[in-house]
Amino acid sequence: MNIILIDDEAVALNALKRRMDWEKYGFEQVFTANSMPQAQQLFSEQRIEVMLCDIEMPWGSGLELFEWVKAHYPAVECVFITCHPEYDYMRKALQLGSADYLLKPIDY
């Protein structure tokens, strides 16, 4: 199983990639992207089953990305990781079918 981590903040993205034992949870490859276009490119090139995604990003939000993913790769599971506790974001994430909505900072 493969996972993609998407966040426009390089420090947060690198910490998430380094601080989790992804292999322990059955992930063979961990891909990273810092924008919607970069993530879309990786989806077109790789087999990805799970995405952990920030919501607020330049060049397309995480919510817009998940809408695109659901249209093209409907089996992908999504967990949003964000510092935005806004109800509208949470509601939209749930409507799209996200598996969870976690607030930063993450307790690794």
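Reply: Contact here means heavy atoms within 4.5 Å. Please keep in mind throughout that this is a predicted model. With that cut-off, and leaving aside its neighbours within four places in sequence, Ile4 is in contact with Phe31, Ala33, Ala39, Leu42, Phe43, Ile48, Val50, Met51 and Leu52.

Me: Which residues have the most contacts inside the largest nonpolar core?

Reply: They are Ile4, Ile6, Met51, Leu65 and Phe80, in a core of 23 residues. The elements that give two or more residues to this core are the strands β1 (2–6), β2 (29–33), β3 (50–53) and β4, together with the helices α2 (36–45), α3 (62–72) and α4. Apart from this core lies another, of eleven residues, which includes Leu13, Leu16, Val30 and Val50.

Me: What pattern does the chain follow along the sequence?

Reply: Its secondary structure comes to four helices and five strands, and, read along the sequence, these follow the pattern β-α-β-α-β-α-β-α-β. The radius of gyration of the chain is 13 Å, close to the 13 Å that the globule rule gives for 108 residues, so the chain is as compact as a globular protein of that length. Taken along the principal axes, the C-alpha atoms fill a box of roughly 35 × 30 × 25 Å. Buried residues make up 41% of the 108 residues, and among contacts between residues at least 6 apart in sequence, 62% join residues at least 24 apart.

Me: In which sense do β4 and β5 pair, and what does the chain pass through between them?

Reply: Strand β4 (residues 77–82) and strand β5 (residues 100–103) pair in the parallel sense over four bridges, and Thr82 stands opposite Leu103 in β5. Between these strands the chain crosses through helix α4 (residues 87–96), and this β-α-β crossover is right-handed. As a general point for reading strands, side chains in a regular strand alternate between the two faces of the sheet.

Me: How should I read the salt bridges, and how many does the structure hold?

Reply: The general idea is to look for a side-chain nitrogen of Lys or Arg within 4 Å of a carboxyl oxygen of Asp or Glu, and the structure holds six such salt bridges. One of them joins Arg47 to Glu28, with the closest N and O atoms 3.9 Å apart. That pair links distant parts of the chain, since Arg47 lies in the loop between α2 and β3 and Glu28 in the loop between α1 (10–19) and β2, 19 residues apart. Arg47 counts as partly exposed because its relative accessibility is 47%, whereas Glu28 is exposed, with a relative accessible area of 60%. Arg47 also forms a salt bridge with Glu49, where the closest N and O atoms are 2.3 Å apart.

Notes. Residues numbered from 1 in each chain as written. Predicted model: local features only at pLDDT ≥ 70, side-chain atom pairs only at ≥ 80, totals over all residues. Heavy atoms only, no water. Pairing = 2+ DSSP bridges. Right-handed = clockwise from strand over helix to strand, strands pointing away. Core = buried A, V, L, I, M, F, W, Y, C linked by side-chain atoms within 4.5 Å. Buried < 20%, exposed > 50% of the residue type's maximum accessible area, 1.4 Å probe, protein only. Rg over C-alpha atoms; globule rule 2.2 N^0.38 Å.
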